[in-house]
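Visitor: I've got a model open and I'd like to learn how to read it. Could you walk me through it?

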Amino acid sequence: MDRFAALNLPHGEKLVALTFDLCENAGEISGYDGEIIDTLRRLGAKATFFPSGKWLLDHKERAQQLLADPLFQVGSHSWTSHRNFRLLSQEDVKADLALDLKADAKVRETLHARACYRPAFSQQSDLDHATLFRFPFGTCNADSLSAVNDTGLLAIQWDVVSGDPAPAQSAEAIRRGGCCERQARFHYRYARKRKEGGTRPGSFAFTC
Ligand SMILES: [Zn+2]
């Protein structure tokens, strides 16, 4: 049966999953906000990143740094976001995933071949391939979910949008689970149906 990834949290634990999309459309170089990574490292906060395959190839060094860090998990976010997998043909979905996973494998192989690579240090986060997949816009249908599962990836969603890409967004608004109108508008439409007052234990916080 096709499925999404799910977590079973210990009763009474107040845990929130921090996730970051690293999106990059065709013809764009999206850049990288190193301050976010610095802050996560300083606080020892774990996080999961969902780069598109194009982002991985355009930011090879950064991608390897994320992969090598035991704090971080690196999943997959399609080849070039954001194509709506619910609207693509099955052939297009498979072709997109194949390109994405090829980029994922290439970057991981490059990391593993480096003389400075220390698998004992990074093995908790750095596997041979991505295991989690975030649909662009969080949208899918039965066929695209099945295609994702066929590659060995488990899809994972979110229930809180931080809105961090908006320059005027306050830390308080992000804490409440607010939303920026521009970059997260598509995600928001999906997330607001599920949100019941912002972040709560077990939430998956999404930023882009
Ligand atoms: Zn995205």
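**Reading the model**

Guide: Let's begin in helix H4, where Leu 101 is found. Helices (H or I, at least four residues) and strands (E, at least two) are DSSP runs, numbered from the N terminus. Residues are numbered from 1 along each chain as its sequence is written. This is a predicted model: local features need pLDDT of at least 70, side-chain atom pairs count only at pLDDT 80 or more, and totals for chains, interfaces and linings use all residues.

Visitor: Is Leu 101 buried, exposed or partly exposed?

Guide: The general idea is a count of neighbours: a residue is buried if 20 or more other C-beta atoms lie within 10 Å of its own, exposed if 12 or fewer, and partly exposed in between, with C-beta atoms placed from the backbone. Leu 101 counts as partly exposed because it has 19 C-beta neighbours inside 10 Å.

Visitor: Which residues is Leu 101 in contact with, leaving aside neighbours within four places in sequence?

Guide: Two residues are in contact if their C-beta atoms, placed from the backbone, lie within 7 Å. By that rule, Leu 101 is in contact with Ser 76, His 129 and Thr 151, once its neighbours within four places in sequence are left aside.

Visitor: What does Ala 130 touch, not counting residues up to four places away in sequence?

Guide: Ala 130 is in the loop between helix H5 (119–122) and E4. It touches Val 74, Gly 75, Ser 76, Asp 104 and Leu 153, with residues up to four places away in sequence not counted. Ala 130 has 25 C-beta neighbours inside 10 Å, so it counts as buried.

Visitor: On to the strands. How many bridges join strand E1 to E2?

Guide: Two strands pair if DSSP finds at least two bridges between them. Four bridges join E1 (residues 17–22) to E2, and the two run parallel. Leu 22 stands opposite Pro 51 in E2. Between E1 and E2 the chain passes through helix H1 (residues 34–43), in a β-α-β crossover that is right-handed (with the strands pointing away from the viewer, the path from the first strand over the helix to the second runs clockwise).

Visitor: What lies on the other pairing of E2?

Guide: Strand E3 (residues 72–74) is joined to E2 by three bridges, again parallel. There, Phe 49 stands opposite Val 74 in E3.

Visitor: Why is E2 said to be largely enclosed?

Guide: Four of the five residues of E2 (residues 47–51) are buried, so the rest of the structure largely encloses it. For H1, the number buried is zero out of 10 residues, so that helix lies largely in the open. H1 is followed by Gly 44, whose phi is positive, near 65°.

Visitor: What is the mean pLDDT of the protein?

Guide: pLDDT is the predictor's confidence in each residue, from 0 to 100. The mean here is 80, and 76% of the residues reach 70 or more. Over residues 178–197 the pLDDT is below 50, and this stretch has 35 contacts in the model beyond near neighbours in sequence.
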